[in-house]
Amino acid sequence: MANFFKRRMSWVNTRMGFFLLTIGLFWVKTYIAYQTEFTLGAKGSVQQFLLLINPLPAALLVFGIALYFRGRLAYWLMMIINVLESTWIFANVLYYREFSDFLSFGIMKGSSDVGNNLGKSLAQITHVYDFFVYVDIIVLIILLVTHVIRIDARPFKRRYAFSITVLSFGLMFAEFGMANADRSGLLTRTFDNNYIVKYLGLNEYAAFNAYQTQKESATRASANASDMKSVLKYLKQNRVSPNVSYYGKEKGKNVFVIHLESFQQFLIDYKVNGKEVTPNLNKFYHNQNTLSFDNFYNQVAQGKTSDAEMMLENSLFGLPQGSAMTTYGTQNTFQAAPAILSQQAGYTTAAFHGDVPSFWNRDNTYKSWGYQYFFSSSYYTEKSGYSVGYGLKDKIFFKQSAKYIEQLPQPFYAKLITLTNHYPYELDKKNTDFPATKTGDKTVDPYVQTAHYLDQAFGEFMTYLKKAGLYKNSMIVAYGDHYGISNNHRPAIAQLLGKSKVTNFDLAQFQKVPFMIHAAGLKGGINHTYGGEIDVLPTLLDLLGVKNTDTIQFGQDLLAKNRNQTVAFRNGNFISPTYAKIGGTVYDTRTGKALSLTTAQKKTVDKMQNHVTTELSLSDRVIYGDLLRFYTPKNFTKVDKSSFTYKYKPAMEKLAEAEKKEKTSALVKNKGKETTYKTDAPELK
Ligand code: GP9
Ligand code: MN
């Protein structure tokens, strides 16, 4: 029997055999960690498959280094590599347990205050079973030392070692190809670290993160205080004074920012088969106490939602590539709306979103922006059928948000990010009672159906606010973050707009999104000024009467009289009331006709272009160089990220304490009685 076993197992006594055994064990334990320690959200067979195989290519590459060495050394090297690799898993398991994110080199370097009090809590969160990641190594070493597995001292052919290296790269490319086919823009748009690990693996994540961190720290290190001086000089020249008939009119009110996912301006008053797609938003839009803007453009790039958020709350542009929230949200210094409002006007600040907190790196970025609370997936009850696409369906999301809103001490600043009206605009039958359009383009046609659903959810939320007594003392801001129908759908867009064909100018106009501000007593109406997402922060601060003459903002108050109405698109194109530059062509904005420019016209257009290029590049410099660390506005204190936690239990305890102390929450005002939330969501019946 023993002999039989020995013969059967003799393969482990070869170098290649031992190598494969080591890798096999490493593969299994990585996969176990994936399944038990991280919430990577692998959905569908492609993602499941990639998750299963992704530890292998990198393991072949890294462990394969040992094969280039001789005799015993090769064995010990394999063990050392295994210890290092396992420690990387171990460290990530602990970090993830606390922060629901993977370790980054920026954090490990501890260059700023992002350390998040790591050391302190480490002992508390380590479990005995975490050390299982080292078990295979111990076993292998014992087997080697006791000669149960014999070391194969024969020389190993270089070309075999080399073949393993080549194979590992080949597998990695194949893996990357499959991943990118399933989720395009995986590395360029950088959505979420969970995605990189889910698709590519922990090692690939480490490599990508090291590359990014290195790039960032290089620009960060070369930036200095004088760079900030040139930004300040520019901003000083571009500052406009607020409109006196609006300044401070909404002082002290709660603020709701309702992020209407993928919602375009053309939907307002749009009808399908004679039926309004968004009756509630239309009513809101035309309400005499709503300021509505009909020349308001989205200015996002690859970072989509995150770019919109960056502009809205910082008046800084998103980056030409990737997402500033993911790449710079954790490390950089910010002076964002939540921090300004809580510091200068005593606001409670909270964000609400029915997706995992790691998407767009919100969990870290929101701390940098000064959000005291972030209610994300773990705060919401999830049952089968409650979610579609990225997360909770809007009606359920709003309903479940209500109980947290009622607990917020007033005044508060609350941002609610909706989700259901998101590509690919899928929704179950039960929730679809609106006719699709009939362009024949499968991506485009259901868009109005999910938009209609979003509108109903919005309507229900408004009804609730009135009932809870929050409608009258709040300023309600609603905006569309970016297009829902991309420019790749020209023929369908033409049909929707009732045109025979669309020009590039039409497509630029199609980038309009709604922007509306409602408040009891506010002088409303439809305002035609040209502006965009970059202009929101100064507009809101002025309405709230929060001094912002020395804050960093690239936008201008939309209500100011002498504002610059040249709206920059992220690719350097622009639109204004007179000229629009799209691609290489200049159009007359009033007629939409392409122009061949006179010398005088050219001079004007060049001046506009210069303005756009300058503001975009200066804004980028602020983010790339982390320039806000060199400048603090008066009455502003640098945000202390470590003072926030978004973990359910401690955050709810904090909220309960604040509520008790301040006694200003809607719940307290309603004598502890929760307001019933009415929804027709079929899932809740
Ligand atoms: C995900 C959501 C979608 O949480 O905000 O982001 P998007 O794809 O629109 O950028
Ligand atoms: Mn979005």
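I looked up the second largest pocket and found a volume of about 540 Å³. A pocket here is an open set of points on a 1 Å grid over the protein atoms alone, where a 1.4 Å probe fits, with protein on both sides within 12 Å along at least five of seven lines. Its volume is the space filled by probe spheres set on the points, which are joined across faces, edges and corners.

I noted that this is a predicted model, in which local features need pLDDT of at least 70 and side-chain atom pairs pLDDT 80 or more, while totals for chains, interfaces and linings use all residues. Residues are numbered from 1 along each chain as its sequence is written, chains are lettered from A and ligands numbered from 1 in the order written, and side-chain values use heavy atoms, without hydrogens and water.

**Lining.** I found 21 residues lining the second largest pocket, with V300, N487, Q511, F569 and N571 nearest its centre; a lining residue has an atom within 4 Å of a point. They divide into 8 nonpolar, 11 polar and 2 charged. Asp, Glu, Lys and Arg count as charged, Ala, Val, Leu, Ile, Met, Phe, Trp, Tyr, Cys and Pro as nonpolar, and the others, Gly among them, as polar.

E261 and H482 are 221 residues apart and link distant parts of the chain. Both are buried, meaning under 20% relative accessible area with a 1.4 Å probe, protein chains only; exposed is over 50%, partly exposed in between.

**Backbone.** I checked for cis peptide bonds and found Q410 to P411, with omega near -5°, and Y423 to P424, with omega near 5°. Y425 has a positive phi, near 55°, and is not a glycine. Y425 is buried, because its relative accessible area is 4%. H147 also has a positive phi, about 60°. H147 counts as exposed because its relative accessibility is 55%. Most residues other than glycine have a negative phi, and most peptide bonds are trans.

Note on methods: Helix = DSSP H or I, 4+ residues; strand = E, 2+ residues; numbered from the N terminus.
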